[in-house]
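Student: I have just opened this entry. Could you walk me through how the ligand is held?

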Amino acid sequence: MQSTELLLPPAKHFVNGEFIDGTDFFSVLDPSTERAVLDVPRAGVQDVDAAVAAAKRAFTTWGRTLPGERAAVLLKIADRLEAHQQELMALESLNTGKPAAVAQDDVASAIDSFRFMAGALRSGTSLSAGEYAKDHFSVIVREPLGVVGAVTPWNYPLLMGVWKIAPILAAGNTLVLKPSETTPLSTLKFAELTADLMPEGVFNVLTGRGSVIGTRLSEHPDVAMVALTGSVGSGVSVASVAAQSVKRVHLELGGKAPVLVFEDADIDAAVDGLRAAGYWNSGQECGAACRVLVHESIAEEFTAKLGAAVATLAVGAPDEGESVELGPMISRAHYERVLAHLSKAEAEGARFVTGGGPVERTGYFIEPTVIAAPRGASCTQEEIFGPVVSVETFATEAEAIERANEVPFGLAASVWTKDAQRSHDVASRIDAGTVWVNSHLALATEMPWGGFKGSGYGRDLSAYAIDDYSRTKHVMHHTGR
Ligand code: NAD
């Protein structure tokens, strides 16, 4: 592994193709050691205005490039990321504490996103051109929007950034991206690695506070759209500010994915699936399999097996080897939030099947936890965003569906059954943007990702993302004049 100094990106904003100095700085930490890694600048409103102005200038040419030209740039970015894969993985693990396997998956998925978007942008589809009104010939044009403001979270810093950057650029927009203040390193590294591949101003990065940068992007008259992945509170804030200028908003918010395990399910397969999908990225995952509803007739066997499987998860820092499966929480504040959820669960009558507290060591580590929870306990309703899975029971299929839909989120869900009819019926009645059958958390770059209800609107991944970041124009020609 490279030394930390060699890995680190410039601690500067990236605007108009250049790294520029900041004036006010804050520290970025390694959550495995609680030590400061780098001080990065905190942008103010004037920095946002300068970055938006650069993106607006760049749009006048980037927005008119041919699809093939944009695709060539996206493919070069993918190749560049691939050539620096190890470095990006190490940096992501350093800044988030995530195990090597998670960092590897993140970087590989980011590369795949650029390759997919490069192809998808060249094969857009729409209604046929033709005569729909007498003597008039109609043509549909898909146009870019202009400057997009993007705001990303800390759980998959590079990947969530790329899920925005790739389709935003593919559609012909330019952007100003603000990574999470906790995890800006891989986004700055991305800027450093790709600076020579994009015309100046097409891609800009500002580090600092969401309340300052995100708010300014949301109100700025020259920003056409704001795309945010983050908590419901941040999404509501962006949407309400953006509403003042009738700006488009794309929101990927929280989740509390229900996992319905029916009496005819393959219990061992469900336990295996949950051991992975409930604890991937230490449970700091918006689609995590965190809220199990299991049929009462198999609940005892299922819960005991799940507890035993989860107790074997290997907790550690990323440099403790490839066998590590679970890293720390991202920050002290988040660690304390997760522990507060555990105390509240206990106070509400829940039982810890395994785990339930902190791991006594340096860093923000929490034991992988399974909670047998009474109906309505807060741990079954609120997003905990840690290595915590709750298990409740149900008696009938109708009850399982009703309870799956009772939380305000609607991002993802899974159904575990061997009954084909039931798998179709139940999947069609669950309010979630993604429903897995006998699986959980598998993603494909070609398929859309996004929520219903409180989980937001707009789609990441797939050609639907390019649609979201473009606009439809109808041009109608009179054929007789
Ligand atoms: P967060 O909302 O605290 O922060 C996300 C980003 O929003 C950060 O860059 C932050 O600085 C910025 N921000 C904060 N307040 C803002 C404001 N008022 N205006 C504009 N921007 C603001 O979220 P987080 O803690 O970084 O991430 C965890 C959350 O993200 C969880 O709720 C999780 O479910 C969600 N998430 C969702 C998806 C998805 O695909 N739906 C993916 C990953 C994470």
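**Around the ligand**

Tutor: α8 (210-219), β10 (225-229) and α9 (232-243) each supply at least two residues of the shell around the ligand, where helices (H or I, at least four residues) and strands (E, at least two) are DSSP runs numbered from the N terminus. This is a predicted model, where local features need pLDDT of at least 70, side-chain atom pairs count only at pLDDT 80 or more, and totals for chains, interfaces and linings use all residues. Residues are numbered from 1 along each chain as its sequence is written, and side-chain values use heavy atoms, leaving out hydrogens and water.

Student: Which element gives the most to the shell around the ligand?

Tutor: Three elements each supply at least two shell residues: α8, β10 and α9. The one that gives the most, with 3 residues, is α9.

Student: Why does the ligand lie between two domains?

Tutor: Domain bounds here come from an automatic or database domain assignment. The ligand lies between the two because both give residues to its shell: domain 1 (4-253 + 455-474) and domain 2 (258-445).

Student: How far is an oxygen atom of the ligand from an N or O atom in the side chain of Trp154?

Tutor: Trp154 is among the residues that come nearest to the ligand, near meaning a heavy atom within 4 Å. A polar contact is a pair of N or O atoms within 3.5 Å. For the Trp154 side chain, the distance is 2.7 Å.

Conventions. A polar contact is a pair of N or O atoms within 3.5 Å; within protein, one must be able to donate a hydrogen and the other to accept it, and residues adjacent in sequence count only if both atoms are side-chain atoms.
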